[in-house]
Amino acid sequence: MSSLACTNLLSLAVDPEYIPGAHNAIHVCLRVQQNERVTLITDEASKDIAVSLAAELAALGCDWQAFVLEDLAPRPLKTMPQAVLDDMEKSQVSIFCVKAQEGELPTRMQMTDVVNRRRIRHAHMVNINRQIMLEGMRADFLKVDAISQKVVELARKAKVIRVTSAAGSDFIAEMEPAYKWLKTSGIISPEKWGNLPGGECFTTPRECNGTFVVDGVVGDHLCEKYGNLVGNPLTLKMKANRLVEATSSNKELEKDFWDYCHTDENSDRVGEFAIGTNIELKHVIGHILQDEKFPGIHIAFGNPYGAHTGADWYSATHIDVVGTKANIWLDEVQIMEAGRFLIQA
């Protein structure tokens, strides 16, 4: 761990407020062992948080390498720097602590291709910020894992899931038995890389039909631009698993979202259906990394993470949308009312 990149991070002061969240990431979520190797990827915008992660790795005494993306290539990236990919080939654990920039999703897919192939325990911390480090990353992830396990066990048996909300959501998601449900609770395993903070169970649906009112947030680079949508919700209509209409009083949001979902032939296709399970979160903050874990429903148009769910189609895009105060029925059994779970772990 004597490389220039690592030394640069360790020369910076650690914000003491970040220590609980960084400790959670390294010791609870990733369970890094002293005999393992870690690749830590960050950028200038997120370097203060990466410093706290680096300090935990250094204290543990494991072998690790850090990269600051701007030191390797201009942003936004056209391709993931080869030095990063090569280093990941030698690691058992990787961490991506970076602020998203428009057009960079394909480069992140290059990275997760390595993660999937090598079964690396990977923490995806895209757009992590101070508020998330002080809130979501301080969650009791063992408690989140317990409710997530209960939800995924019930969801795997469901044929149809219905979602409604006071904001006007009302849609049906039909499940595909051939597709897998996955749990990403914050306890990260080689089975599936996970976002941090964690707290969701997801699959690729066979078909979604109806209306989903996004009164939380939208994902990817649009999240920073539009933030919390509670005052200007985005109403989406789905038919035969395709987005057929997107409307909002914010016409710029409406156009940006519609254009994003028409990047390629499957960008308008529902690729993810997810139930947020981070019961430690109390409110939507306007950041997709944390808000998609908020108890409720989020879906994503585009890439279905087929390497994990088993879906046999592809898109180069993936954008999440989050609603609040959901009512959820798994077949005929209601498991959530107005955003509150009716089941116990």
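A salt bridge is a side-chain nitrogen of Lys or Arg within 4 Å of a carboxyl oxygen of Asp or Glu. The model is predicted, so that local features need pLDDT of at least 70 and side-chain atom pairs count only at pLDDT 80 or more, while totals for chains, interfaces and linings use all residues. Residues are numbered from 1 along each chain as its sequence is written, and side-chain values use heavy atoms, with hydrogens and water left out.

**View 1. Salt bridge between Arg37 and Asp63.** The two side chains meet at 3.4 Å, N to O. Arg37 belongs to strand E1 (residues 37–42) and Asp63 to strand E2 (residues 63–68), so the pair links distant parts of the chain, 26 residues apart; strands (E, at least two residues) and helices (H or I, at least four) are DSSP runs, numbered from the N terminus. Arg37 counts as buried, at 13% relative accessibility, whereas Asp63 is partly exposed, with a relative accessible area of 38%. Buried means under 20% relative accessible area, exposed over 50%, and partly exposed in between (1.4 Å probe, protein chains only).

**View 2. Salt bridge between Glu17 and Arg138.** The N to O distance is 3.1 Å. Because Glu17 lies in the loop between helix H1 (4–10) and helix H2 (19–29), and Arg138 in the loop between helix H6 (130–134) and helix H7 (141–155), the pair ties together parts that are 121 residues apart in sequence. Glu17 is partly exposed at 35% relative accessibility, and Arg138 is partly exposed with a relative accessible area of 37%.

**View 3. Salt bridge between Lys293 and Glu292.** The side chains meet at 3.0 Å, N to O. Lys293 counts as buried, at 0% relative accessibility. Glu292 counts as buried as well, at 5%.

**View 4. Network of salt bridges with four members, Asp43, Glu70, Arg75 and Glu104.** Salt bridges link these residues in a network. The structure holds 24 salt bridges.

**View 5. The chain as a setting for the close-ups.** The chain contains 11 helices and 18 strands. Its C-alpha trace spans about 55 × 40 × 35 Å along the principal axes. Buried residues make up 57% of the 345 residues. Of the contacts (heavy atoms within 4.5 Å) with a separation of 6 or more, 74% are between residues 24 or more positions apart.
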